[in-house]
Amino acid sequence: MTTDLDFDTKVFNKETIKIGGRRESIVRGGRDLFPLLATALDGITQIGVIGWGSQGPAQAQNLRDSLSDSDVRVKIGLRKGSPSIALAEHAGFSEKAGTLGEMFAVIKESDLVILLISDAAQAEHHQAIFSAMRPGTTLGLSHGFLLGHLDNIGAQFPDTISVVAVCPKGMGPSVRRLYEQGKEVNGAGINASFAVHQDVDGHATDYALAWSIAIGSPYTFQTTLRSEFTSDIYGERGILLGAVHGIVESLFRRYEGEGQMGEQAFINACESLTGPISKIISRHGIRAVYEHLDEAAKAIFSRSYCATYPAAKEVLAEIYDEVASGNEIRSVILHGRRLAQYPMGKIDGTRTWKVGERVRSKRVEAEIPVDPFTAGVYCATMVAQIDILMDHGHPESEVANESVIEAVDSLNPFMHARGIAYMVDNCSTTARLGARKWAPRFDYQLSQQAYMAIDENRPLDDGPIEAFLSHRVHKVLETCAKMRPAVDIFVE
C-alpha cells in the first residue's frame, strides 16, 4: 500500500508537512475559505446528498450552510416513503423549496452525488445508482466500502464518471456539532481524508477539497480509496469502537472481582479512559499518559502494557486480514440481509453500563483519576493498532487519525457523556456491526491472556514498553497537534 501521494489544486493552498519520517501534502480548512468554494466547484450546480443516516444530516447541513452565498444547491435524496423525510424536513430541506426529493431522481439531476446510504444498501443498489448518473458527473463517497465490494465481485466504477471520497474522522453528530462550534472558532471541525479514485475532467481534486472544507474539516489529508476503507473498517473494529467496548467490559469485571465497589470499578475502567486519559492523549500524545504518572504508577502501567500489547495485537492482526481479504465486507453484506429478521440488539444492558448511568448522573470531572492499569491496557491496544497499520504502509496522517485522533477527539467524548450505546449507534451500520462482532473478542483475549499473565505473575517481555517510549508515532502526533483546532467538542 503506497504512501507516495501528492496532488495539485488550482484553488486552495497546499502545504507540505513532515510527519514522522515522510512528507505529506495537506490543505487546511476554515471559514475564511468559504468564498473560494464556488470557484472550486465550477461546473457544479447541484450537490445531491443521498441518505440520512449517521453522516447524511451533518454533511448535508454543513454543505448547505457553507454554500449559502453561492449558487450551488444542496438537495437531499431519499427513498419514497422513507421515515427520514420528516427528519430532513425538520432540518430545513423540503420538496417545495427544491431541496428534497426521491433518491434516484436526485441522483439523475445532480452534478456531484454524495452517496451516504448504508454500505449494504450501496452494495445492493450500486448498479442502479451507476445507471442513474449522467456521464461527466462525480460520485462522492465518505467510505471506500463500495470499492471493496466491487473488488469482491470483480466489478468497477463506470469509466464515464469521476469518483472521489471525503471521509470525516468522526461520527456524524461530531461533524455537525464541531462545525457549529466552529462558527465562533475558525477552523474547528473534524479532520477528513480525501481520495481521487477516478478523474474524468480534471476537476475531481478541487471538488473533493471543496467538499471537505465545506463540511468543516480543519485539515484534509490525502489517501487512496482502498487504503481508506481498509484502515477505516479495521479501525472501527479496533480501538475506535470494538476494542474500547471490550476493554471497558473486561476491566469493569476485573476491578469488581478485585473487591472494588461497582461505581468505583466503573470510574477506574471507563471514566478514567474516556475522561482524563483521552484528554491527555488529545492534547499531549500517548506517551504523555505514561509521563503523567508517578514511579509506582509507571510500574503498573508498564506491566499492564507489556501483557496487553501482544494479546491485543493478535486480534488486531486478524481483523486487518479479514478486512484486507474482503471477508469483513462480505460479512457486513450478509449480516445486512439478516437485519430484518434479526435486528441489532442493545449493547448497554450489562451491569457495566447500568452502573455507568449512575456514575454519569453524579460525576465530578476533577475527581476522575488516571488509572495506571487501565491506561496501560488502552495505550497498548492503541499502539498495537498503529503498528499493524504502519507495517502495512498506510500514510501516517491516516494512521494517526484512524487510531488516535478520531478516538479521543470524536468518539470517546460521546461515550463519556452518554455511554457506549450512544457512541456506537451514532456511527454507520458497518461500524455498529463490527463493534458488536469484535468487542467480545477483545474482552475474551484480554481476560484470558493479558490479565491472566499478570495475575499468575508470569515473566513479561519488556520489549513492548521500550518500543512504546521511543515509538515514531509520538513525532507524528506532535505534528498533528500543531494543526489541531483550539476548541474541544462539547457534548451536552
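Start with Y320, which is buried, with a relative accessible area of 3%; buried means under 20%, exposed over 50% and partly exposed in between, using a 1.4 Å probe and protein chains only. Bear in mind that this is a predicted model, where local features need pLDDT of at least 70, side-chain atom pairs count only at pLDDT 80 or more, and totals for chains, interfaces and linings use all residues. Residues are numbered from 1 along each chain as its sequence is written, and side-chain values use heavy atoms, leaving out hydrogens and water.

What does the structure hold in the way of aromatic pairs? There are 14 of them, counting rings of Phe, Tyr and Trp (its six-membered ring) with centres within 6.5 Å; planes under 30 degrees apart are stacked, over 60 edge-to-face, the rest tilted. Y320 has its partner in Y234: the ring centres sit 5.3 Å apart with the planes at 75 degrees, so this pair is edge-to-face. Y234 belongs to helix 9 (residues 225-237) and Y320 to helix 13 (residues 295-324), so the pair ties together parts 86 residues apart in sequence. Helices here are DSSP runs of H or I with at least four residues, strands are runs of E with at least two, and both are numbered from the N terminus. Y234 counts as buried too, at 0% relative accessibility.

Now look at Y305 and F468, a tilted pair at 4.9 Å centre to centre with 40 degrees between the planes. This pair also links distant parts of the chain, with Y305 in helix 13 and F468 in helix 20 (residues 463-469), 163 residues apart. Y305 is buried at 1% relative accessibility, and F468 at 0%. Both rings belong to one aromatic cluster, along with Y290, F301 and Y309.

Zoom out, and the protein has 21 helices and 10 strands. The C-alpha trace spans about 65 × 50 × 45 Å along its principal axes. Of the 492 residues, 61% count as buried. Among contacts (heavy atoms within 4.5 Å) between residues at least 6 apart in sequence, 82% join residues at least 24 apart.
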